[in-house]
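Reader: I would like to learn how to read a few local features from a model. Could we take them one by one?

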Amino acid sequence: MSSCYRWKYRNKDINSEVFAEIKNVTGSGIIASLLINRGITSLEEAKKFLNPDNIELSSPYIFDDMQKAVDKINNSIEKQERIVVYGDFDADGVTSASLLYKTLKFLGAKADYYIPDRRDEGHGLNRAGVCRLISQEKAKLIITTDCGISNLAEIKLAESLGTNVIITDHHEPPEEIPPAYAVINPKMFDKDPTGLKYLAGVGVAYKLAQALLETNAKQDYTEELLHLVAIGTIGDVVPLLGENRLLVHKGLELITRKKPPAIAKILEIAGYKPDRKINSAMIAFGIVPRINAIGRLAGANPAVELLTTDDEEKLNHLAEELDRSNKERQQICEDTLKEAEDKIFTEIDLDKNKALILADRDWHPGIVGIVASKLVEKYYRPAFLLSIDESSREGRCSARSVSSLNLYETLNKFSDHFIQFGGHSLAAGFAFNLDKIGFEDLRKLISNHINSVLEFEDLSPELKLDMDIEAADLTVDFIQELDRLAPFGESNPYPVFAIPNLTLRSCAPLGQKKNHLKILLSDERNKMIEAVWWQRNNLDISISEQVDVAFVPSVNNYMDQQRIQLVIKDIRRVADRDKKNINTEQCRLTEESLIIESIDYAKNESGINWVDHRQETGFKREFLEYLNSLGDKVSVFAESLWAKEFLENVSFLKPFIVDRMSVKISDCLIFLDLPVDDMSFMNIIRQTAPQEVHLFGLVKEYEPVDLIKKISGMLKYAYNEKGGIINVQRASSVLAIPVELYLSCVELLDSAKVAEISEITENSVEFSFKGSVNLNTIRQLPEYPSFLNALEEFKKYKEEYKSKDIELIKQTLSDCCSLLEIR
């Protein structure tokens, strides 16, 4: 089978009158259909969705205990009692704690924050932490953020010791609510007409901050908190509907406009250009993983400090610390995933068991949740990964699920075996005592239950599509029009379209590891369509077969040239449309492939066809005939004297010779010479914007003496004929060497009294010529080794590119392009 999924269209039953009204407002039938697919069925809803500023923010006092909580906090501020914000170690918990801590400090509170250690303390409050805050920190009030609703015993303990607790949380409440001073949790509403049940932990914390600031007549400060709300809301993958949509919209707008220093620093480290408009995927892939990573591997306090400090030196240090943790997390994840898949092979019969339940003593408890998500993506069945700690005799589990199994309800059935548990329908966790129940017994209990409630049909992944479109719809304007639906995220995914009845024209591996596919398709009018399929290394479909393609449309901005490119979600043969069996083993999605909005196509394949001629000693007759047929659409990069001599007998190509100073747009670019460095290489391709590149790369090396004599002669000529000013770029181009090597030689000649430099600028050298070269003297000068080193580096570069793999060359140039974009 070719397809990875059961295709399911989102199309709702569309009332023609409603469709006509919404189309009239949007001006687009496609946008109208996409809104209806997202549950927007009235004109008023459509207006609010397309303009989130029209969404009204509900009063924070809709929560029964809000007034009580505000009065208590204001009283503690007035008495200067110690207030501690007790957060959690993921992006939602960190931003929640940061938001409330900043608010309390702004209001003059004697406040601090506490983030538990993931490995030693786990989620939520713990007895040791509570006792420490009360006895050592003298906390008189504890405010939880993104936690607390499941901590019955710990809150009873705090209240018994005379310290009040205010819970702000958004997780499912247990049957017995902890006896806190006040509880603010939207999941406790009997009815929720405003949609507040979707709030993340940071959204609940924002409601409390909003009320506090209003009572102190400082409500303008709420805007300074919106970036934290956006990050935590996106990070917790809650539906971007209702107030969440408004809060994220305003938060992204604030980050784009004001660029809070901490957020700007993380985005810079993540590789995003500072002038880019911030979108939800940049947060999801640039910021959230770095905040999460440090909380997964160590304490998350540095993340809170980063988000709350104004010290620039601290910002730089803390942002780099988060980035290092993220890189370490990625490696640990990769290792753990491999170990987990080995265990699946040896421990789990996938024909009998519908869940993946695995444990290991060496697995990091902060990593198992990510790996569980990856297993769900690949195997499409619930995954439970447990980290076993023999010294404490505890096991900790992070679980992820599929839509057909509610994890929270499942774990609730076995809560008697847990020290604690909590979560949502698709993500949950628990801790248990190994002396009360062993892993194998627990695995058997949970596995038997899941096997009884799930059918194997429930384990076939669905791909939800919005609608079919035609190839002719794929324009830059169309793709930009889709941004009207932003911000994208949970419950408002980036639209997925399908084009039926295309023809597969070519399919080739892509990337250094050959783990992606570059695909070319055509429609019935022979319109060619470029596509990429990330994290897919094969396609069981023959060239020229008819296929249906599911995809996200994108604009590839490689080298400043805009091309429409499809990012493939799935491909199926037209002949397989009605077949139901799915080969899920073929399907492996990564989180990067699920959201297209953030992908920086400067880092990916250009769509240029590269041809390697480096083993050839000259132009073949057939190749010359082909070049002649292209007319003036050819550029031949040839800077060196020997490259130009090579072209003496190919008269029709002479008018098309270019150097680094005279590049022009051409369909076909031939590198007879190799450029002098990667940045020059990239710039030449960028400015030429070719459809094909032919790489010959003649290599002939300068000897030190020859180069010194040539540059000395150039200086003498420039002094006599050009007033003692020489253009550095032009001179370097004539010699086919890097500017750095040219300047190194000029400085050597200055030291040797051959020339006397009066000024060096970025583009020129001004000098007076003093006399001829004495090579014996030059070799004794301290600048001579530096000149030799520069020449040797250039030789090494040329030698490397004589045999460097084409894919590696393309990757190097993409990295250079990305670096230039960032700068």
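Author: Start where a helix starts: a side-chain oxygen of Asn279 reaches to within 3.2 Å of the backbone nitrogen of Ala281, at the start of H12. Note that this is a predicted model.

Reader: How many residues does H12 have, and what does H12 reach from its first C-alpha to its last?

Author: Helix H12 covers residues 280-297, which is 18 residues. From first C-alpha to last, H12 reaches 25 Å, close to the 26 Å expected at 1.5 Å a residue.

Reader: Where does H12 bend?

Author: The bend is at Val288 and amounts to about 35°. A proline, Pro289, follows within four residues.

Reader: Is H12 mostly covered or mostly open?

Author: A general point comes before the count. An α-helix has 3.6 residues a turn, so residues three or four places apart point the same way. In H12, 17 of the 18 residues are buried, so the helix is mostly covered, buried meaning under 20% relative accessible area. For the chain as a whole, 55% of the 823 residues count as buried.

Reader: What else describes the chain as a whole, in helices and strands?

Author: The chain has 28 helices and 26 strands. Its C-alpha trace spans about 95 × 65 × 60 Å along the principal axes.

Reader: How many cavities of 30 Å³ or more does the structure hold?

Author: The general idea is simple. Rolling a probe the size of a water molecule over the atoms shows where empty space is left. Here the structure holds 3 cavities of 30 Å³ or more, and about 120 Å³ of space lies in the largest cavity.

Reader: Which helix gives the most to the lining of the largest cavity?

Author: Helix H27, residues 784-803, gives the most, with 4 residues. The lining includes Trp642, Tyr702, Phe794 and Lys798. By type, the lining residues divide into 7 nonpolar, 1 polar and 4 charged.

Reader: Is Phe384 buried or exposed?

Author: Phe384, in strand S8 (residues 383-389), is buried, with a relative accessible area of 0%. The C-alpha atoms of Phe384 and Arg400 are 6.7 Å apart in space, and the two are 16 residues apart in sequence.

Reader: What is the peptide bond from Ala486 to Pro487, cis or trans?

Author: The bond is cis, with omega near 5°. Pro487 has its place in the loop between helix H18 (476-482) and strand S14 (497-510).

Reader: What is phi of Ser544, and where is Ser544 placed?

Author: Phi of Ser544 is near 80°, a positive value in a residue other than glycine. Ser544 sits in the loop between strand S16 (528-533) and strand S17 (546-556), and is partly exposed at a relative accessible area of 47%. Lys753 has a positive phi of about 65° although it is not a glycine. The loop that holds Lys753 runs between helix H25 (739-751) and strand S25 (755-760). Lys753 counts as exposed because its relative accessibility is 65%, over the 50% cut-off.

Technical notes. Residues are numbered from 1 along each chain as its sequence is written. This is a predicted model: local features need pLDDT of at least 70, side-chain atom pairs count only at pLDDT 80 or more; totals for chains, interfaces and linings use all residues. Side-chain values use heavy atoms; hydrogens and water are left out. Helices (H or I, at least four residues) and strands (E, at least two) are DSSP runs, numbered from the N terminus. The expected span of a helix is 1.5 Å times one less than its number of residues. The bend at a residue is the angle between axes fitted to the seven residues ending there and the seven starting there. Buried means under 20% relative accessible area, exposed over 50%, partly exposed in between (1.4 Å probe, protein chains only). A polar contact is a pair of N or O atoms within 3.5 Å; within protein, one must be able to donate a hydrogen and the other to accept it, and residues adjacent in sequence count only if both atoms are side-chain atoms. On a 1 Å grid over the protein atoms alone, a cavity is a set of points where a 1.4 Å probe fits but cannot get out, and a pocket is an open set with protein on both sides within 12 Å along at least five of seven lines; lining residues have an atom within 4 Å of a point. Grid points are joined across faces, edges and corners, and a volume is the space filled by probe spheres set on the points. Ala, Val, Leu, Ile, Met, Phe, Trp, Tyr, Cys and Pro count as nonpolar, Asp, Glu, Lys and Arg as charged, and the others, Gly among them, as polar.
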